[in-house]
Each structure stands twice: as C-alpha cells, then as structure tokens.
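Please find below a short note on the structure, arranged as numbered points. Each point takes up one site or one group of residues, and may be read beside the displayed model.

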Amino acid sequence: MKTFGRLARSSARFARLYSTNRGAKNSGVRLSLVSGSLVVGVGLGLVTSNYLLPSSEKQIFPLKSTTPLASLDPPKYGSSEDLKLCINEIIRVIGADNVRNSEAELEHHADNGFNPTKALPHQKPEWIVYPTSTEEVSAVMKIINRYNIPVVPFSGGTALEGHTYSTRPGIVLNTSKLNKILDVHHRDLDAVLQAGVGWQQLNEHLASVPEYQNLMLGCDCGPGAHVCGMVNTNASGIGATRYGSMVANVISITVVLADGTIIKTKKRPRKSSAGYNLTGLFVGSEGTLGIVTEVTVKLQVKPPFETVAVVQFPTIKNSADTVVELFQKGIQLNAVELLDSGIMKCINYSNLVSKQYDNVPTLFFKIAGLNETVVQEYIKEVERISHKNHCSKFEFARSEEESAELFSTRKNSLYLMLDYAYNEIDENAKMWITDFAVPLSKLAATLEEIDKVASTYPLPHMALGHVGDGNIHYDVFYKPGEYEIAKKLVAEMNRITLKNEGTCSGEHGIGTGKRKFLEDELGVDAIDLMRKLKVALDPKRLLNPDKIFKIDPLDPSGE
Ligand SMILES: Cc1cc2nc3c(=O)[nH]c(=O)nc-3n(C[C@H](O)[C@H](O)[C@H](O)COP(=O)(O)OP(=O)(O)OC[C@H]3O[C@@H](n4cnc5c(N)ncnc54)[C@H](O)[C@@H]3O)c2cc1C
Ligand SMILES: *[C@@H]1O[C@H](CO)[C@@H](O)[C@H](O)[C@H]1NC(C)=O
Ligand SMILES: *[C@@H]1O[C@H](CO)[C@@H](O)[C@H](O)[C@H]1NC(C)=O
Ligand SMILES: *[C@@H]1O[C@H](CO)[C@@H](O)[C@H](O)[C@H]1NC(C)=O
Ligand SMILES: *[C@@H]1O[C@H](CO)[C@@H](O)[C@H](O)[C@H]1NC(C)=O
Ligand SMILES: *[C@@H]1O[C@H](CO)[C@@H](O)[C@H](O)[C@H]1NC(C)=O
C-alpha cells in the first residue's frame, strides 16, 4: 500500500535524522576515566585493582541513612590499559566471537535515535560483550569488577531517555543472546525466561502452541524490547490498565550483582512473605543495581471475547470524565487510550483508515468479557456513559477484522505523527516524546493547562496516552534550531504535571534525561536514599553510572 511505504520511509528517516544529530545540543554528562594516574606503569590487573578500591569505605557506609552526593568521592575507574587487560580476560572466558568492537556495533549501541537528549560524541562504548548464560555474566562481572570498568547493561535498546548511553566509555553488556524460553507452566500461568527474550517473541511462541494459545504477557512496549529491559524500566503499555505494569507481572528474577554474585529473588509461588522483596528492588532500577539474567513472569489469559469501541468527544474534559465514570462503575476495560485532536488530524491525513473521524479528542477502548452477550451489555453501558458526557460519535467494531482495523489506528499513531511532521511541519522535524502521569481525576485539568501553556509556544504538539492509568505522552515537534525552546516547553509541562500531583515518568523511566525532574518530584533526601542503595550494592559505581541520579560529585551536568 502506497501510504505504508511512505510511513516506513518516514520512520527510517526519523531514526537517521536523530543519529546524525548526535551530540549537537545538550550539555550531557562529563566522562573521563578518573583513575589513570594511579596506575601508570602497573601492568597487572590484580595489582591495579587494589589501588583502585574506593579510597575510603567510610564514605560508603557512613552513620547516615542516606548518601548525599557531596559525601562521595568521584568514582575511580580503570585506565585504558586496565580495559585492555579486562577484555583479554573476558575473551578467555567467553570467546573472541562474543567480544566485539567494530565501529558499526559500537555505533549501534550508542543511541537508538529516539532519545531527545543526545549523547556527546565521545560517549560511546569501547567494547560490546555478548554473554550467553547467567554463569558467563557472573564470570564477566567478576573480571569487570576486578578492573573497575564501567558497564552498561543493554537488551532491546528501545529505552527513550538515554538509559543506555555510555557516559563513561567502557563495556556494554548486551544480554540479547540469553534468549531462551526456559519453561512455560500453563497451569500455573507463568513462564521462566532468559532475560533477553522479547515480549513479542514470547507472545508468538505462546500463540504457536495449542495449550498456550490463550496466554500472553500482560505488558507490551516498544517493538523489540526484552523482558529484562522491561523489568528495568517497569514498562507498561496498552495492557497495563487491565494487567498492571511490569512490576505486577514479575514473580522472580535472577540477578548477577556488580561483583559477580548470583542471586534469585524468589521461588515460583505467587504468594510469598519470605524476607525482603528483592524483586521489587530491581524493578525500575535501570541497570544500576545488577544484571538481570532470568525472569519468571506471570502469564495473563486472553479474554474469551473482546471488541473495540472508538468514541469521539468535543473536549478532553468530556473524554476524561467518561473514563472516570466508567471506572467508578467497575466496568472491565482492557485498554483505554486517548488520542487528542492533533493526532486525529494526522490519522485523517494518512488516509490509512477506511473510516473518517473528526479531528477531536478520541478514546479507543478494548472491552472484553466471557462471551459476546456479556460484552454487549458492557458496550451498552459504555455507550450510555459516553453519551451522558456528550460524545459526538460512538462506534464499536462489528467483527474481529473491524476491531483490528480500529485499534491499528492507535498502534500506528507514532508513525502517522512522524509522517505528518515530515511532510507538513519540516522535513527535518524532530519529536520529543514525554511520559507524564497524574491521578486520573486530575487528568483533564492537567491536559487543559498544558495545552494552554503549549499554545503560547511556536511548536506543534500532540498528546496520546494510556489514560486508564492517567499516563499521557505529549509529543512536541521541533525544527533543528528549536531544541532549546522544546526543552523549555517540556520543562513547563513537567511543572504543571507536578503541580497536579503527577510524575515525570509513567513508564519510560529517568535515564540521563530526567534526573533533574526526578529530584524536583521526590526531593533530595529520597534521591540520597536511592544513592545509598546504589553504593551498597555497587560500591565501585560500575553499573550504568550516571543514570537515574548523579553518582559523581564532579558531574558537571546541571541536570
Ligand atoms: C516506538 C516505541 C514505543 C514504546 N512504547 C512504550 C510503551 O508503550 N510502554 C513502555 O513502557 N515503554 C515504551 N517504550 C520504551 C521501551 O520500549 C521500554 O522502556 C522497554 O522497557 C525497554 O526495554 P529494552 O529491552 O529495549 O531495554 P534497553 O533499552 O536495552 O534498556 C532499558 C534499561 O534497562 C537496562 N537493562 C537492559 N538489559 C538489562 C539487563 N539484562 N539487566 C539489567 N538491566 C538491563 C538498561 O541499562 C536500561 O537502563 C517505547 C519505545 C519505543 C521506541
Ligand atoms: C545485541 O545483541 C544481539 C544478539 O547478538 C543483536 O542481534 C543485536 O543487534 C544487538 N543490539 C544492537 C543494538 O546492536
Ligand atoms: C514482590 O515484588 C514484585 C515486583 O514488585 C511483585 O510482583 C510481587 O507481587 C511482590 N511479591 C510479594 C510477595 O510481595
Ligand atoms: C511500577 O509501576 C507501577 C504502576 O505504574 C507503580 O505502581 C509502581 O510503583 C512502579 N514500581 C516501580 C519500582 O517503579
Ligand atoms: C480528512 O481528510 C480529508 C481528505 O484529506 C478531508 O477532505 C477532510 O476534510 C478531513 N477531515 C477533517 C475532519 O479534517
Ligand atoms: C454468556 O455468558 C453468560 C454468563 O455466564 C451466560 O448467561 C450466557 O448464556 C452466555 N451466552 C452465550 C451466547 O454463550
């Protein structure tokens, strides 16, 4: 289909645009291997590592409950000579084929093209290491720990906030080769997976086996994401309103700690009061506390019958009020997605859907139940409440194909927006994807206020969101010279979200891009407590340094 071709070209061009603009705009984070001078002339890794131990252990366990940034010395990493020795040892353990530094591979692991903040040109990894088992990860981490080399855990590479930048060039540990589905226990509704299994890979596998056909993972996110990445960002997606985000879909994980120790956080029962819940500690930790090598996930049962409704409203407030009222009624909704008038315009522009929609706020619902009769009853209620809130159009799918078509409009909206932007805004247009969430009752007011402020900016912006969770992505379009203006607008949006008791991240995480926002949101003491946990588990600060919060008092970035 003609339009599809155009879309594919648009998305490819988008990725290219981003990658050619790397390093152009933001201040980024400092990087340097601090310890160089200590190790001049010392050839043996074993000897060097003694010099490189944290200078004073009292800094790591002072008699305080938190670790303020200023109480730390700068981290001390191995020299380039140490890195060489480290790599040689790793090669001896996992083979030269699994340890690479071709320019193309380094480039691939530097940026995925979607991050609004850019890595600085020198923030590139020096080596990519591909372990194939938990034991190999452990052996590799023991070596890395001995030589004090910074390491970035990496899986699908789809994270959006500079999570996988090598702020301090060293090793990227790509866990994608740990990609086996180890066990599916369909009677227990769980599956044991190696960390690099993709959510799509799992769902395809389940669909291909008769006994598993009615099962799926409850979370979905960026195409190509893996379960370990999803655990590490607490990913959500469209299904989260029904099944919860990754935190609610994980039973147990196997983690390799910074010094190579292997731990498993729980056994397989869903219920457990067996000590601290370490699973929860690692969820959302963005690769800063350990390397996840195995995940036991819950499986969800696909609804026996499901249909899609598309409902249009004159205002965002009408749509948000509808969602609140539906939840109050206890109606089972499997997806509640909002597309604002801007995105509806892009959809109409794409000519991709057979139906015509008005350019007004639109809700996409998935409504499910035991059988068609039951679902019909729900639809009646959804329709009644939508009309009560002044909907201008109510449509529900009358067949499975129609359901699929209606919902694909939502699924393709990112590419439809990009296509519109390249053709109608600027052929070099860029998109800044935000990720705010507020309590549902504050959603309408938040969106109205953001729209009001955003309309004083020269930048086109659109909103789509998993509004069942109060989670909204404003997408801000800007031309190459407008980065600073876009940044200012996004900061304004964040301020409004916070004022409405919201968060800067519903599902994408903090990475390097939102460290300042996180501090505004939770306060310095909460961040200092996170830092305490970080240095307790990873005293040398080797694992994904500089992500979520600062770990170096000399970090020059204001953000
Ligand atoms: C088009 C698009 C749509 C998206 N839609 C959604 C969405 O709807 N919902 C949503 O939640 N997100 C969405 N995302 C964001 C992204 O898909 C998620 O953040 C996802 O969880 C990242 O998984 P990944 O495997 O790609 O991880 P990566 O990007 O490789 O890494 C993510 C984080 O996990 C860490 N990590 C990776 N592997 C390991 C490991 N083995 N052990 C420890 N730490 C590790 C990394 O260091 C990093 O901090 C979208 C992204 C794109 C590009
Ligand atoms: C990570 O490793 C896998 C397996 O080797 C590979 O397919 C993938 O392309 C790698 N990721 C990147 C970004 O290169
Ligand atoms: C432990 O934490 C995980 C992830 O946060 C959660 O899914 C699980 O229910 C928790 N388990 C217990 C027993 O609290
Ligand atoms: C994960 O997401 C859920 C739902 O958004 C949230 O309640 C929980 O606090 C998050 N957990 C972490 C560790 O971020
Ligand atoms: C949708 O697009 C068609 C064709 O491009 C146009 O005629 C129509 O006016 C548009 N509808 C709206 C609501 O913008
Ligand atoms: C649908 O399920 C309801 C509730 O269990 C039941 O009463 C009804 O007979 C079912 N209808 C059909 C057509 O199967």
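Which residues surround ligand 3?

1. The model under review is a predicted one. In it, ligand 3 is surrounded by Val247, Val250, Ser272, Asn277, Thr279 and Gly280. By residue class, this shell consists of two nonpolar and four polar residues, with no charged residue.

2. The polar contacts of ligand 3 involve both backbone and side chain. A polar backbone atom of Val247 is 2.6 Å from an oxygen atom of the ligand, and a polar backbone atom of Val250 is 3.0 Å from an oxygen atom of ligand 3. Asn277 takes part through its side chain, with a polar atom 2.4 Å from an oxygen atom of ligand 3. On its own, ligand 3 has 360 Å² of accessible area, and the protein covers 70% of it.

3. Ligand 6 is surrounded by Leu370, Asn371, Thr373 and Val374. A polar side-chain atom of Asn371 lies 2.3 Å from an oxygen atom of ligand 6, while a polar side-chain atom of Thr373 lies 3.4 Å from a nitrogen atom of that ligand. The protein buries 30% of the 360 Å² that ligand 6 exposes when taken alone. The shell around ligand 6 divides into two nonpolar and two polar residues, and no charged residue is present.

4. How many aromatic pairs does a search of the whole structure find? The search finds four. One of them joins Tyr349 and Tyr420 edge-to-face, with 5.2 Å from centre to centre and 85° between the planes. This pair links distant parts of the chain, as Tyr349 belongs to helix H11 (residues 341–350) and Tyr420 to helix H14, 71 residues apart. Ring pairs also link Trp432, Tyr478 and Tyr483 into a cluster.

5. Is Tyr420 buried or exposed? Its relative accessible area is 14%, which is under the 20% limit, and therefore Tyr420 counts as buried.

6. The C-alpha atoms of Tyr415 and Cys346 are 9.5 Å apart in space, although 69 residues separate the two in sequence.

7. Two charged residues sit over aromatic rings. The charged end of Lys177 is placed over the ring of Tyr130, 5.1 Å from the ring's centre. Arg398 lies over the face of Phe396, at 4.6 Å from the ring centre.

Notes
Residues are numbered from 1 along each chain as its sequence is written. Chains are lettered from A and ligands numbered from 1 in the order in which they are written. This is a predicted model: local features need pLDDT of at least 70, side-chain atom pairs count only at pLDDT 80 or more; totals for chains, interfaces and linings use all residues. Side-chain values use heavy atoms; hydrogens and water are left out. A residue is near a molecule or strand if one of its heavy atoms lies within 4 Å of it. A polar contact is a pair of N or O atoms within 3.5 Å; within protein, one must be able to donate a hydrogen and the other to accept it, and residues adjacent in sequence count only if both atoms are side-chain atoms. Accessible areas come from the Shrake-Rupley method with a 1.4 Å probe; for residues, only the protein chains shown count as cover. Ala, Val, Leu, Ile, Met, Phe, Trp, Tyr, Cys and Pro count as nonpolar, Asp, Glu, Lys and Arg as charged, and the others, Gly among them, as polar. Rings of Phe, Tyr and Trp (its six-membered ring) pair if their centres lie within 6.5 Å; planes under 30 degrees apart count as stacked, over 60 as edge-to-face and the rest as tilted. Helices (H or I, at least four residues) and strands (E, at least two) are DSSP runs, numbered from the N terminus. Buried means under 20% relative accessible area, exposed over 50%, partly exposed in between (1.4 Å probe, protein chains only). A charge sits over a ring if NZ of Lys or CZ of Arg is within 6 Å of the ring centre and within 35 degrees of the ring normal.
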